[in-house]
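Open the model in your viewer and keep the selection tool ready. This tour goes stop by stop, with something to select at each one.

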Amino acid sequence: RRWIFHLIPRPGEVGHDTWPPEAYKTATGVMPWSGQALDEARGIVYVATKTAEPDFWGADRHGQNLFANSLVALDAATGRVLQEVKFGATVVGAPARLGDVLAVRTKDGWLRGVSAADPSAEKWKVFIGAAAHLETIVATDGAFFLCRRDRNDVLPSWVVSPAGEALRRLYLRFTFPPENWRGTLLVDDLFGRRQAFCLPAGGDD
């Protein structure tokens, strides 16, 4: 093991003073349940975290509670914290990078474009609506694809440009998160078919 980073900080670690002293023994949550993203060129791991728990009763965890509900940038070689940005809502779906823009989806309904070099610098945000049961952001060659699926409903998935322009809506019954293959979006649907979409493109489908 090269390094370990505790999302609920231990004594002596950055952020421990934002929790009650013994919270690391009893508090839960904060896990990167929506996934992580790696920027190989910069050597940065972006970790998206959920809320601290118990989430409906905060009396046992007074304080700012680093690193809950955050996007945490870590040095991939050492695990050192480079930056922590709170959005005020749980981050859902692993972030995706396209050029200098990092797309981040938050549970309060927004898809946000932030600077990959400085995630606290918000470039744009697009209101998509309440978060679905399953959401994934895929970076294609020219756009971000936010695929969404609920337990019983087919929700519109969105194609958004790196500048924050909503380009297209797609209604897909996908089984697994789509893949980007040389600028083509590959989708496995609930009927056992593999479909391919060339993105970005205007209109709804």
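Start with a pair of strands. Select residues 134-139, strand E11, and residues 144-149, strand E12. They pair in the antiparallel sense over six bridges. Strands here are DSSP runs of at least two residues (E), helices are runs of at least four (H or I), and both are numbered from the N terminus. Two strands count as paired if DSSP finds at least two bridges between them. Now pick Ala-139: its bridge partner in E12 is Phe-144. A hairpin of four residues joins E11 to E12.

A word on the model before moving on. It is predicted: local features need pLDDT of at least 70, side-chain atom pairs count only at pLDDT 80 or more, and totals for chains, interfaces and linings use all residues. Residues are numbered from 1 along each chain as its sequence is written, and side-chain values use heavy atoms, with hydrogens and water left out.

Zoom out to the whole protein. One helix and 18 strands are present. Of the 205 residues, 48% are buried. Buried means under 20% relative accessible area, exposed means over 50%, and partly exposed lies in between (1.4 Å probe, protein chains only). The protein exposes about 10,400 Å², and carbon and sulfur atoms supply 51% of that. Accessible areas come from the Shrake-Rupley method with a 1.4 Å probe; for residues, only the protein chains shown count as cover. Take contacts between residues at least 6 apart in sequence: 41% join residues at least 24 apart. Contact means heavy atoms within 4.5 Å.

Next, the four-stranded sheet. Its order is E2-E3-E5-E6, it is open, and its pairing is antiparallel. Which strands stand at the edges? Select strand E2 (36-39) and strand E6 (81-86): each has a single partner strand, so one side of each is left without a neighbour in the sheet. From one strand to the next, the twist averages 15°. Angles run from 0 to 180 degrees between N-to-C directions, with axes fitted to C-alpha atoms, for helices over the stretch in contact. E2 and E3 run antiparallel and are joined by four bridges. Click Leu-38 to find its bridge partner in E3, Val-45.

Select Val-30. Leaving out residues up to four places away in sequence, Val-30 touches residues including Leu-7, Ile-8, Trp-19 and Phe-67.

Now go to Ser-115, in strand E9 (residues 110-115). Is Ser-115 buried or exposed? Ser-115 is buried, with a relative accessible area of 14%. Its side chain reaches the backbone nitrogen of Asp-118 at 3.1 Å. Beyond its neighbours within four places in sequence, Ser-115 is in contact with Asp-100, Ala-121 and Lys-123.

Last stop: the open sheet of three strands. The order is E15-E16-E17, with antiparallel pairing. Strand E15 (179-181) and strand E17 (194-198) stand at the edges, each with a single partner strand. The twist averages 30° from one strand to the next. Three bridges pair E15 with strand E16 (residues 184-188). Finish on Trp-181, which stands opposite Thr-184 in E16.

Notes. A polar contact is a pair of N or O atoms within 3.5 Å; within protein, one must be able to donate a hydrogen and the other to accept it, and residues adjacent in sequence count only if both atoms are side-chain atoms.
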